Amino acid sequence: MKGDTLLDYAEFQLSQSRTRCELVVSADGLKEKLASGFLKPFLTHLRAAEEQFVRGSQSIKLEPRLSLADRNARTWFTKGTIERFVRFVSTPEIVERVRTIEDELTQLQTVRKIQASNLAKTQDRLLCIDGAVSTTEAKATISMCQDRNMVPIKSRRYPFDIGDDGAEASKRELLKAMDVRLLALEEEQSMAFAQAAATGFNGDNLANLVAFAKHFGADRLCSITSKLHSSTPSKFQTA
């Protein structure tokens, strides 16, 4: 059975203790076992499976709520989609790492923007006056500063000779540290995207996973894959 084979259903066949399972997929009468192991991780990630489990059944069937005439509307329900769902349940950190990095990048970019804006406002309030200018020019400049509630400074060695040069230097060092961290995160993000793509979480595969997650109530998978699909660079979008 190929990865793009359209399925009729996927079924968790439970052990007598209902703690372990075998995951079997079916297409046009042909069945294939994809995985086996403990049931709980699947129940944790799949609301549709959990709802059937509490009813006490010995098997849990995943089947799109569509008629046979609508097979083209469920092109996402393939063997490959189920395989990637199993991979996500087994090793969620592969795609969760992408979201974690993306969240940190967004937060750090926001903080840096605020810090840079605050520093720029401080600079706008400061006026450097060269010691060589004439007294008349200096007086005129100081008068202008006072009228505008600005703080004049005597040297062009801005920003390190301003009123609180230690604080200003610290702000600049903080911005430099943020830039270094942003660069590192961008490199980590590229590596995380590449790893996710190499394991099948890319392009149309992600769109299929999002559809699967929404249909069967895999909320965590839906959140992560939706974020990954919207933020994945074009070079990793090819299936």
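Leaving aside its neighbours within four places in sequence, which residues is Thr 81 in contact with? They are Trp 76, Asn 208, Leu 209 and Phe 212, where contact means heavy atoms within 4.5 Å.

This is a predicted model, in which local features need pLDDT of at least 70, side-chain atom pairs count only at pLDDT 80 or more, and totals for chains, interfaces and linings use all residues. Residues are numbered from 1 along each chain as its sequence is written, and side-chain values use heavy atoms, with hydrogens and water left out.

**Thr 81**

Thr 81 has its place in helix H3; helices (H or I, at least four residues) and strands (E, at least two) are DSSP runs, numbered from the N terminus. With a relative accessible area of 1%, Thr 81 is buried. Buried means under 20% relative accessible area, exposed means over 50%, and partly exposed is in between (1.4 Å probe, protein chains only). The side chain of Thr 81 also reaches the backbone oxygen of Trp 76, at 2.6 Å.

**Aromatic rings**

Rings of Phe, Tyr and Trp (its six-membered ring) pair if their centres lie within 6.5 Å; planes under 30 degrees apart count as stacked, over 60 as edge-to-face and the rest as tilted. By this rule there are eight aromatic pairs. Two of the pairs are set out here.

| Pair | Centre to centre | Angle between planes | Class |
|---|---|---|---|
| Phe 42 and Phe 85 | 6.2 Å | 50° | tilted |
| Phe 212 and Phe 216 | 5.1 Å | 55° | tilted |

Phe 42 lies in helix H1 (residues 40-45) and Phe 85 in helix H3 (residues 79-90), so their pair ties together parts that are 43 residues apart in sequence. Phe 42 and Phe 85 are both buried. Phe 212 and Phe 216, by contrast, both lie in helix H7 (residues 203-216), four residues apart, about one turn of the helix. Phe 212 is buried at a relative accessible area of 0%, and Phe 216 counts as buried at 3%.

**Strand E1 and its partners**

Strand E1 (residues 9-14) is largely enclosed by the rest of the structure, because five of its six residues are buried. Two strands pair if DSSP finds at least two bridges between them. E1 runs antiparallel to strand E2 (residues 20-27), joined by six bridges, and Tyr 9 has Ser 26 as its bridge partner in E2. The hairpin of E1 and E2 has five residues between the strands, and there Arg 18 takes a positive phi near 60°. E1 is also antiparallel to strand E4 (residues 59-62), with four bridges joining them; in E4, Lys 61 is the bridge partner of Glu 11.

**Charges over rings**

A charge sits over a ring if NZ of Lys or CZ of Arg is within 6 Å of the ring centre and within 35 degrees of the ring normal. The charged end of Arg 18 sits over the ring of Phe 53, 4.0 Å from its centre. Lys 61 lies over the face of Tyr 9, at 4.2 Å from the ring centre.

**Glu 50**

Glu 50 is in helix H2 (residues 47-53) and counts as partly exposed, at 40% relative accessibility. Its C-alpha atom is separated by 9.9 Å from that of Leu 39, 11 residues apart along the chain.

Definitions and conventions. A polar contact is a pair of N or O atoms within 3.5 Å; within protein, one must be able to donate a hydrogen and the other to accept it, and residues adjacent in sequence count only if both atoms are side-chain atoms.
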